[in-house]
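Biologist: I would like to learn how to read a sheet and a chain contact in a model of this kind. Could we take them in turn?

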Amino acid sequence: MTIDLNQVDRPNSYIGKTVPRPNARKLVEGRGQYVDDVHLPRTVHVAYLRSPYAHARINGINADAAKAIPGVLRVFTGHDLKDVCTPWVATLDHLKGMKSAPQHALAVDRAMWVGEPVAAVVAESRAVAEDGAAALEVDFEPLPVVADMETALDPETPVLHEELGDNLTFTRTHESGDLADAFASAAHVVEETFHTGRHTGVCLEPRSILADFNRSENQLTLYAATQAPHMIQSSFAKHLDLPEGKVRVICGDVGGSYGIKVHIYPDEMATAAISRVMGRPVKFIADRLESFTADIHARDHRVKARMAVDSNGKITALEIDDLTGIGPYSVYPRTSAIEGNQVVNLCGGPYDLASYKATTTVVMQNKAPMCQYRAVGHPIACAVTEGMVDLAAEALGMDPVELRRRNLVPDDAYPYTAASGMKFEGLSHHASLDKLLETMGYDDLRREQQALRDKGVYRGIGIASFIELTNPSPFMYGIGGARISAQDGATVRMDPDGSLVVLSGVTEQGQGTEGMLAQVVAESVGVPMETVKVITGDTQTTPYGGGTWASRGAGIGGAAAFRAGRALRDNIIQVAAAMLQSTPDALDIIDGAIKDRATGEERMPLAELGRIVYFRGDTLPKDLDREMVATRHYITSDYPFAFTNGIQASLVEVDVETGFVKLLKHWCVEDCGRVINPQLVDEQIRGGIVQGLGGALYEECVYSEEGQLENANMADYLVPMASEMPDMVIGHVETPTQESELGAKGAGEAGTAGAPAAVMNAINDAIRPFGGRVTRMPFTPERVLAVLGKVPDPDGR
Amino acid sequence: MSENGFAHEVDVTVIVNGERVSRRVDARRHLVDFLRLDVGLTGTHTGCEHGVCGACTVQVNGDVVRGCLMLAAQADGAEVWTVEGLSDNGSLDALQKAFVERNALQCGFCTPGMLITAADLLARDAKPSREEIREHISGNYCRCTGYEAIVDAVEMAAGTRAGATQAGGGSQ
Amino acid sequence: MKPAQFAYARAKDLPHALALWAEAGEDAQILAGGQSLIAGLGLRLADTPALIDINHVPDLAGVTESGDRIRIGAMTRHAELARNPLVAEHAPAIAEAAPLIAHPAIQARGTIGGSLAYADPAAEFPACVVALDAELVVQGQGGERRIPAADFFLGLYETALEPFELLTAIEIPKAGRRRQTVQELVRRHGDYAIVGIVLAADVQGDTLGAAKVVYFGVGDAPVVAEGAARALEQGDVSAALKALNDDLDPPGDLTGGPETKRHLARVILQRAINALRAQ
C-alpha cells in the first residue's frame with residue numbers, strides 16, 4: 001500500500017502539517033540533557049594548554065609546578081599520547097592529488113596554530129585543571145609564520161610540512177564549453193574580486209565530550225555533542241586501536257552544531273585517549289575562549305570572477321578563480337578541500353550557462369583549521385555568482401530581475417546537467433522568482449526606493465537565486481574512502497499498548513529531527529503522533545547511519561523512517577487480518593486502530609492487537625509472522641545529490657554618513673521538495689538566513705600577520721543579536737524528489753546559502769548613486785565608508 | 001574563616017527556587033557553577049562565562065542577572081530562581097507554551113536564559129512592541145532561530161497575559 | 001575559563017572595606033557590580049589575591065539632591081540611573097547613557113562607581129562625568145578627597161585613585177538650563193561604541209554656550225574636544241567639525257582605523273548638535 005502524499009484530506013495526515021515538536025517542552029523547562037549535564041562517578045576534568053604561537057617548536061614542557069597543585073592528577077604531552085592515539089591524515093581518494101600531514105591529538109614537538117592543544121592537565125575540577133594548565137612551563141621557540149593565503153605558495157614562503165613539498169593541499173579545475181570564444185564575442189565582460197570573511201560557528205553549547213573507558217570491558221563510551229555518532233565511533237575506534245564494536249557514542253541534547261560538531265577534533269580525541277590511559281571518565285567542555293581558536297573556521301575565500309553576457313542579456317560564460325587557506329592540517333575525516341570543491345561545483349548553479357571554468361586552490365597556513373560549516377561553500381558561490389549577475393545587469397542597464405529571468409534554468413528543462421557537471425532532478429527557479437516578486441511587492445519597493453532616494457535616504461534591494469546541495473550519496477565522502485555513511489536506517493517498533501518506538505540513525509541538533517521522524521512514522525503506520533517516541537543518538541541501539549549534515553535528516557533519515565513505518569504497518573495488518581479473519585487489503589490502520597478499509601468501521605485498537613501478540617500469542621496461528629518491528633534503510637542512488645533551489649531578497653537602508661547598514665526586511669522562497677512540517681522548515685530557513693546575515697555584516701575571525709586571532713571572545717567576535725535582525729517572510733514551492741516515496745529534500749542550508757549575496761547586492765544597490773561597491777565580507781561600516789570614498793580602505797586595496 | 005574576614009572557601013546559604021541551600025564553595029565559584037555543580041540545577045547553561053551570551057541568566061532578588069558575572073559567595077542570603085523553579089511554580093508557563101507553539105527554540109541551550117529575560121520584560125511592560133522585545137532580549141544570543149520566532153512567542157505570551165488579566169478582573 | 005584562586009570578604013561598612021583592603025594589600029580589588037571585574041578574572045586577564053565585596057556597604061547606593069548638585073552613590077546601578085527622576089531631571093546625560101550600557105542583566109548589576117573606577121575608554125559614564133563637570137568623591141584611610149572628573153581619567157584603565165582609595169560618590173552640578181545629549185555608534189545594541197560623544201551646552205540660538213564636547217572610544221580615556229567646543233560657542237559648526245582634526249588623535253582598533261573614527265566623530269558631533277538643538 002502506498003500513501004498519496006499529494007492528497008490533502010488523507011487520514012493520519014501529519015506529513016505536511018505544522019505540529020509542535022514533542023521534545024520542545026522539556027527544553028523550555030530546562031530539562032534537556034547536554035553533555036555537561038551528565039555526571040558519572042569518578043569523573044575527572046581536563047583542560048588544555050594551547051599554543052600561544054601560530055608556529056613554534058616545542059623544546060620542552062616542565063610540568064612540575066602544575067603537578068604540585070592539589071587536585072591536579074595527571075599531565076599529558078604530545079609524546080605521552082602519541083602511542084595511545086595514532087595520528088590521522090585527512091585526505092579523500094576522489095579528490096585527486098589532495099595532500100595533508102599527520103595530525104596528533106596533542107602537538108608533538110611543533111605547534112601549528114594559535115589554539116592547537118599542546119598539553120593536557122587532568123584534575124578534580126575544571127578550575128583546578130585550568131590552574132594546572134596555567135602553571136605549565138612550555139619552552140616554545142617561535143618559527144616563521146605562514147599567515148597570508150595569497151603568498152602561501154610563493155617560493156620564498158616557508159613550507160609548513162616539508163614532506164609535502166609545498167603548501168598546496170588541493171587544486172581542481174573544472175571547465176566546460178568554449179570560454180575563450182564566449183569572452184571574445186561578449187557584448188559585456190564584467191570582472192570582480194570577492195572576499196568572504198573567515199568565520200566560525202559559535203554554537204551556544206561549546207564542544208563537549210565525556211569519555212568513559214571501562215577497562216574491565218575494554219569498552220569506550222563517549223557522551224558526545226555531535227552530529228554524526230557513527231562517524232565518531234569509527235574514527236575514535238580506529239585511532240585508539242579499539243574494535244568499532246567496543247566504542248559506543250551516546251549523543252543526548254546538542255546545543256547547536258551547524259557543522260561545527262561533525263569533525264574529529266584533536267582535543268576530543270585526546271580526552272578519549274586520556275580516559276583510555278586513566279580508565280575513568282574524563283570530561284572536556286570547551287570554554288568560549290578556546291572555542292574561538294579550536295573550533296573549525298570556514299569561508300575564508302578570495303574569488304576572482306569574470307562573466308560574459310551578450311547584448312540580449314544572455315550570460316554566455318563564467319570564470320571563477322577561488323583561493324582558500326585552510327590552516328595547517330586538513331580536518332579529519334571530511335577534509336578541508338570540500339569547501340573549495342563546492343565553490344567549483346556551485347558557482348553559476350542557478351543559470352543556464354554554456355561555458356564555465358572554475359578553479360579552486362586550497363593552501364595551508366598557520367591559522368585555525370577550516371572545514372565544513374553550515375551551507376558549505378554555498379554562501380561563497382552564491383555571493384560570487386549573484387554579485388556577478390548584478391554587475392552584468394548594471395553593465396547592460398537591465399533590471400537585475402529581468403537578467404535573472406533570462407538566464408535561470410527554465411522550470412521545464414529538467415532533468416538538467418549544469419555547466420559545472422552537477423545534475424539536477426527538478427528545480428523551480430522561475431516559479432520561485434515569481435513568487436518572491438509577488439510576496440515582496442518588488443515593483444512597489446522599487447518605486448519607494450526611488451522616492452526615498454530623492455530625499456537622501458538610500459535603500460537597496462538585493463536578489464539572490466541559489467541552489468542547495470542536500471541528501472548526499474556516497475559520492476560525497478564514501479567513494480573517497482571515508483567511513484561516513486550516506487545511507488541511514490530506522491527501526492519502528494510497536495509495543496503492547498500500541499505505542500511506537502522509532503530508532504533512527506539521524507540526530508537531533510534542535511532542528512526538529514525527532515519531531516519530523518514522529519510525524520513521518522505516525523502517518524506511515526497510521527497512529528496518533530503522541531503515541532510515537534523517537535530515540536536518536538546512540539550507536540549501540542539505533543540503526544547505522546550518517547547522522548545529521550548536508551540537510552540529510554528529513555530526506556534520508558525521514559525516507560528510511562517512512563519505509564520502516566510502512567513495513568511495520570504491513571506486518572501489523574497481516575496479524576490483524578489473521579485475527580479478524582479478514583484480508584490485509586480489506587484493512588487499514590487509522591488513528592491507532594485497525595479499521596475496515598471500505599466502511600471505516602473500527603475493528604480493533606492497536607492496543608488490543610498488541611495485547612494479544614505479546615501476551616496471548618497462543619491464540620494466533622502457529623505459523624503467523626508476528627514481527628511488531630521493522631527496520632528499513634534508505635540511500636539515494638539516482639542522483640549524487642538532491643539539489644534544491646530558492647531565491648532570497650533583502651531590503652536594506654545604508655546610512656551613507658556612517659556606513660551603517662540597516663536590515664529592513666528579508667524574503668526567501670525555497671523549494672525543498674516535500675515539506676514535512678512547514679513551521680520547522682520555515683524556522684530552519686530563518687535561522688539559516690540570520691547565520692548568513694552574520695557572515696555578511698558582522699562575523700569575521702580577524703588575524704594579525706603573526707597569526708594571532710585578535711577578536712577571540714564573544715564581545716569582539718560579533719554574532720547577530722535580536723535588535724538588528726529583520727523579520728523574514730518565507731514562502732515555498734514544492735518539487736518533491738521522485739527518488740523517495742517521501743519526496744523530501746533538505747532545507748538546512750538554504751537560508752545561509754543566499755542571505756549574504758542578497759545583502760551584498762542590496763547594499764550595492766543602495767549606494768549605486770555613489771559609484772562604489774562592497775565585495776569584501778563582512779560589510780562593516782568602515783568597509784562601506786571606504787567604498788563610498790569617505791575613509792581609507794581598511795584592507796589596503 | 002573568621003567572621004567578615006577573607007576566605008578562599010565561603011559558606012553560603014541561598015534560597016534557590018524557594019528551597020534553602022547551604023554549601024561551602026570556593027570563593028572563585030561563580031553562581032552558574034554553584035547552581036549546576038553544587039545544587040544540581042542543570043537547566044541554567046554556561047555559554048561564554050564572560051557575560052556576553054546570556055545563557056546563564058537567572059533571577060537574583062527579583063533582578064535578572066548573568067550567573068557567570070556574580071560569585072556564589074555574593075549570593076549568600078539571596079533569593080535565586082532558575083528555570084526549574086520558575087517552571088514548577090508556573091511563572092513561565094505562558095511564555096513556555098508560546099515558545100513551544102511558535103517553535104521559538106531549536107537546540108534549547110539559550111532558551112532558559114531567554115525565557116527568564118523575556119519574563120523580566122513582561123513584568124515591566126505587559127504589552128511590549130516588537131522593537132522593545134528585540135531590544136530587551138538582545139543580550140541573549142540565540143544561534144539557531146534567527147530570533148523572529150522568539151519575538152513572535154513573546155508577543156503571543158504578552159497577548160495571553162493581557163487577556164488573562166482582563167478576564168480575571170477586567171472592567172468589560 | 002575559571003578564575004584563579006582568590007580570597008573573598010564581604011565588607012560591612014566603609015571602614016571595614018578599607019581595613020580589609022589594607023589587610024589584603026594593594027593588589028586586592030574592590031568588587032562593586034563585578035560586570036567587568038568578574039569577566040576579567042574568568043578570562044584570567046586580571047589576577048587578584050582577594051576581592052572586597054562592597055555590595056552590602058550601606059549608603060553607597062542611591063541618588064540625593066543637595067543645593068545645586070546631585071550626589072550619586074558609587075554603588076548606584078545602571079538600571080536605577082535609567083529610571084531615577086533626579087538623574088533624569090538634573091543629569092539627563094547619565095539617564096540617557098545608562099540604557100546604552102550592555103543589556104538588562106548587566107544594567108541590573110553594573111554600578112556607576114565601578115564603571116568610572118574601571119575607566120574603560122570606550123565606556124559611556126567616564127565621558128559623561130567629564131562632560132558634566134562632575135566631582136568624584138573618594139575615600140581612603142586618610143579620609144575623603146574630591147577629584148574633578150577632568151583630572152580623574154589618566155589613561156587606559158588608569159585613574160587618579162591612589163592605592164587603597166575607594167570611589168564613594170559622584171557629585172554632578174544640576175543641568176539647569178544646560179542641555180545634554182549622548183550619541184554613539186554601535187554595531188549592535190548594547191555594544192561598546194565605535195565612537196561616542198557626550199555634548200553639554202547652554203543653547204542660545206546658534207551658539208552653544210560653555211560647550212563641553214567629550215568623546216569616548218577614540219583614545220585611552222575620555223577625550224575632551226576643546227577646539228570644537230570653542231567653535232561651537234561661536235556658533236560655527238563647520239569650524240567645530242574641522243577642529244576635531246586637531247582635537248582627536250584616535251588610535252585604530254577592531255571597530256575601525258583612525259581615519260574612520262575621525263570621520264565618524266565628525267558625523268556624530270553634527271548629530272549631537274542637532275539633538276541638542278531639538279531638545
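**Sheet, then interface**

Modeller: This is a predicted model. In chain A, strand S21 (residues 488-494) is joined to S27(A) by 6 bridges, and the two run antiparallel. One such bridge pairs A:Arg493 with A:Val629 in S27(A).

Biologist: What is the order of the strands in the open sheet?

Modeller: In general, strands of a sheet pair through backbone hydrogen bonds, either parallel or antiparallel. Here the order is S23-S22-S21-S27 (chain A), 4 strands with mixed pairing. S23 (532-536) and S27 (629-634) of chain A are at the edges; each has a single partner strand, so one side of each lacks a neighbour in the sheet. On average, neighbouring strands are turned by 15° against each other, direction ignored.

Biologist: Which strands does helix H14 of chain A lie across?

Modeller: Helix H14 (residues 513-526) of chain A lies across S21, S22 (500-504) and S23 of chain A, at about 135° to S23(A). Helix H15 (residues 553-579) of chain A lies across S21, S22 and S27 of chain A, at about 150° to S27(A).

Biologist: How much area do chain B and chain A bury between them?

Modeller: The size of an interface is often given as the accessible area lost when the parts come together. For chain B and chain A this is about 4,100 Å², with 53% of it on carbon and sulfur atoms. B:Gln106, B:Tyr141 and B:Arg143 supply 21% of the area that chain B buries against chain A, more than any other three residues.

Biologist: How many salt bridges are there between chain B and chain A?

Modeller: The count is 9 salt bridges. One of them joins the side chains of B:Arg36 and A:Asp37 (2.7 Å, N to O).

Terms used
Residues are numbered from 1 along each chain as its sequence is written. Chains are lettered from A and ligands numbered from 1 in the order in which they are written. This is a predicted model: local features need pLDDT of at least 70, side-chain atom pairs count only at pLDDT 80 or more; totals for chains, interfaces and linings use all residues. Side-chain values use heavy atoms; hydrogens and water are left out. Buried area is the accessible area (1.4 Å probe) that two parts lose on being put together, summed over both. A salt bridge is a side-chain nitrogen of Lys or Arg within 4 Å of a carboxyl oxygen of Asp or Glu. Two strands pair if DSSP finds at least two bridges between them. Axes are lines fitted to C-alpha atoms, for helices over the stretch in contact, and angles run from 0 to 180 degrees between N-to-C directions. Contact means heavy atoms within 4.5 Å.
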